[in-house]
Amino acid sequence: MHCLDRAHDSGFKTKAFVRALDVVRATDPDELARRASAGTLTELEGIGESTAAVIQQALAGGEPAYLAKIEAETVVPITPAGAVYRNALQGDLHMHSRWSDGGATIEAMARTAITLGHRYIVLTDHSPRLTVAHGLSAERLAQQLADVAALNEQLAPFRILTGIEVDILEDGTLDHGDDVLSRLDVVVASVHSKLRMASKEMTERMVRAVANPHVDILGHCTGRLIGKREPSTFDPDYVFAACAQFHTAVEINSRPERLDPPRPLLQMAVDYGCYFAIDSDAHATGQLEWQPHGCDRAAEVGVPLERVINSWPADRLLAWTQGA
Ligand SMILES: [Zn+2]
Ligand SMILES: [Zn+2]
């Protein structure tokens, strides 16, 4: 599952495995073992030949051959120069859970981040305006914060920092008020609507958001989807000057279909002396392994490593988000 996510395979195989995994979780372990030895796993709804083979091998204690093959085929490559950045990262500041449009629980995301060597993550589910993504109202966000506090007790010294990916509304205001945003550790602000507005209006919209004292990171600034959606147009001189001025980090979004900002804009942001966050924007555990894409990009363009805010320890990051 995890490996298929990182390979960005949203096709049949992933769905089949998700379904199979749900069945496995819902089935009594003794029954699973009985069925495995009797060869009757496929009688369970949602379990086919290949998923049954994987379950059988996993129960036998070995690494299933199919999983080993997937592991080898899906590992995310990185250049030596990019690896310098990846090795320096202590956390990931943009990801989603099942609370909005992610596919995994907060705990699964956190545990995966731990295996990837991270010391902290920021959970940034969507804000209410993004109804298609089940954006979080103030009430649901408050419930989420309680869940995160409980998880943090279990997972310490690892830390789940609180956050949100808040929508930048058309006039540059944000999709939650000061009362909500001021309670969060890290705020990522992103444009998800009216991506085609005229350059002058988009520039004003983005500058206003970037200047908001609650906003710490400008998410996927052009909104492009490679091969599918052109980047938004705005005046990058104003936007990056504002990011530098108001201490809002420019996100280097590592999703393969985004890789946002494109190289020339990233170069401009470097020249303006901006801060950066190299984020996965993961919507599934396997996607947490996408940071190498952003790290390669950062290395290519020569982003100063000391300006990458998720290469800092959590306490330094928090002092910066709260004081900047
Ligand atoms: Zn987004
Ligand atoms: Zn996101």
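Predicted model: local features only at pLDDT ≥ 70, side-chain atom pairs only at ≥ 80, totals over all residues.

Two strands count as paired here if DSSP finds at least two bridges between them.

Stop 1: Colour the strands and you can follow an open sheet of 7, in the order β1-β2-β3-β4-β5-β6-β7, with parallel pairing. Select 91-92 for β1 and 276-279 for β7: these are the edge strands, each pairing on one side only. Next pick 120-123 and 159-167, which are β2 and β3; the two run parallel and are joined by 4 bridges.

**Stop 2: the cores.** Which residues have the most contacts inside the largest nonpolar core? Select I160, F276 and V303; the core they sit in has 60 residues. Helix α8, residues 138-155, supplies the largest share of this core, with 5 residues. There is also a second, separate core of 16 residues, with V122, V186, I217 and L318 among them.

Now go back to I160 and show what surrounds this residue. Beyond its neighbours within four places in sequence, I160 is in contact with I106, A110, I121, L123, V148, L151, N152 and L155.

**Stop 3: a pocket.** Select D101, H126, H192, R258 and H283. Of the 15 residues lining the second largest pocket, these lie nearest its centre. The lining divides into 7 charged, 6 polar and 2 nonpolar residues, and the space in this pocket comes to about 240 Å³.

Definitions and conventions:
Residues numbered from 1 in each chain as written. Chains lettered and ligands numbered in written order. Heavy atoms only, no water. 1 Å grid on protein atoms, 1.4 Å probe; cavity = no way out; pocket = protein on both sides within 12 Å on 5 of 7 lines; lining within 4 Å. Points joined across faces, edges and corners; volume = space filled by probe spheres on them. Nonpolar A, V, L, I, M, F, W, Y, C, P; charged D, E, K, R; others polar. Core = buried A, V, L, I, M, F, W, Y, C linked by side-chain atoms within 4.5 Å. Buried < 20%, exposed > 50% of the residue type's maximum accessible area, 1.4 Å probe, protein only. Contact = heavy atoms within 4.5 Å.
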